[in-house]
Amino acid sequence: MNHKGTKRIETERLILRQAEPNDGEKMYRNWATEEKVTQFMSWPPHSSPDVSKQLIQEWMDSYGKNEFYFWMIELKNNHELIGSISVVEISEKTQSVEIGYGIGSKWWGNGYTAEAANGIMKYLFEEIGVFRICAKHATGNPNSGRVMQKIGMQQEGILRQSGKCNLGIVDMVHYSILRNEYFK
């Protein structure tokens with residue numbers, strides 16, 4: 001893989017960009033405290049805007065690493081920050097990455113998450129040279145699986161009691177798409 005880090009990506013309706021100093025308040029307000037969003041996350045809801053601000057700073061400090069891929073999801077039409085999408089795991093051995101995402105419930109059902117995922121998938125396959133992109137979701141979160149299906153991923157199976165989120169230990173549904181499938 002030819003790592004290039006988090007570069008700005010534009011899709012039809014979205015700007016996928018690096019985190020900026022003023023994003024903490026928006027993150028806190030738009031998705032990081034929402035129970036509907038965070039119940040399936042591995043991190044707890046943020047208890048204050050300071051928690052969001054600190055996390056934003058950690059991401060900003062990591063942008064100097066070419067192996068760090070973390071985008072804020074911003075609407076083009078009004079520049080509202082609605083979520084984030086990232087590479088959560090990299091395997092150099094298999095040239096594969098796992099992606100994860102979160103978006104405020106106010107924007108669910110508009111295809112934004114799939115659009116953002118397609119944007120980074122194109123970048124990861126075409127510019128980074130990834131061989132496989134995978135993602136997973138708790139069985140209780142089928143909407144996340146629908147996003148994975150929309151972007152061309154195939155379900156690989158369910159690993160029982162293999163994940164932990166704010167609901168506890170849960171079964172996880174695994175999806176992937178291979179480079180040759182993407183280029184078909």
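In what order do the eight strands of the open sheet stand? I began my notebook with that.

**Entry 1: ground rules.** I am working on a predicted model, where local features need pLDDT of at least 70, side-chain atom pairs count only at pLDDT 80 or more, and totals for chains, interfaces and linings use all residues. Residues are numbered from 1 along each chain as its sequence is written, and side-chain values use heavy atoms, with hydrogens and water left out.

**Entry 2: the sheet.** I read the order as β1-β2-β3-β4-β5-β6-β8-β7, with mixed pairing. Strands here are DSSP runs of E with at least two residues, helices are runs of H or I with at least four, and both are numbered from the N terminus. I count two strands as paired if DSSP finds at least two bridges between them. β1 and β7 (154–165) are at the edges with a single partner strand each, so one side of each has no neighbour in the sheet.

**Entry 3: the β1 end.** I found β1 (residues 9–10) and β2 paired antiparallel over two bridges, with a hairpin of three residues joining them. Ile9 has Leu16 of β2 as its bridge partner. β2 and β3 (residues 70–75) are antiparallel too, joined by four bridges, and here Ile15 stands opposite Glu74 of β3.

Next I looked at the faces of β2 (residues 14–17). Leu14 and Leu16 on one side are buried, and so are Ile15 and Arg17 on the other. Buried means under 20% relative accessible area, exposed means over 50%, and partly exposed lies in between (1.4 Å probe, protein chains only). In a regular strand the side chains alternate between the two faces of the sheet.

Entry 4: β5 and β6 pair in the parallel sense over three bridges, and Val97 stands opposite Ile133 in β6. β6 and β8 are antiparallel over seven bridges; Arg132 has Leu178 of β8 as its bridge partner. Eight bridges join β7 to β8, again antiparallel, and the two form a hairpin with two residues between them. I noted that eight of the 11 residues of β8 are buried.

**Entry 5: the cores.** Which residues touch the most other members of the largest nonpolar core? They are Ile99, Leu124, Ile133 and Met153, in a core of 35 residues. Such a core is a set of buried Ala, Val, Leu, Ile, Met, Phe, Trp, Tyr and Cys residues joined through side-chain atoms within 4.5 Å. α4 gives the most to this core, with 10 residues. A second, separate core has 13 residues, among them Ala32, Val37, Phe68 and Leu81.

**Entry 6: helix α5.** I found Ser144, Gly145, Val147 and Met148 of α5 buried. They lie on the same side of the helix, because they cover an arc of only 150° around the axis, taken from the directions from the helix axis to the C-beta atoms. Their cover includes β5, α4, β6 and β8. Just after α5, Gly152 has a positive phi of about 90°.

**Entry 7: Glu34.** This residue sits in the loop between α1 (23–32) and α2 (35–38). I found Glu34 buried but without a salt bridge; Lys36, the nearest side chain of opposite charge, is 4.7 Å away. A salt bridge needs a side-chain nitrogen of Lys or Arg within 4 Å of a carboxyl oxygen of Asp or Glu. For charge, Lys and Arg count as positive and Asp and Glu as negative, while His and the chain ends are not counted. Leaving aside neighbours within four places in sequence, Glu34 contacts Gly104 and Ser105 (contact: heavy atoms within 4.5 Å).
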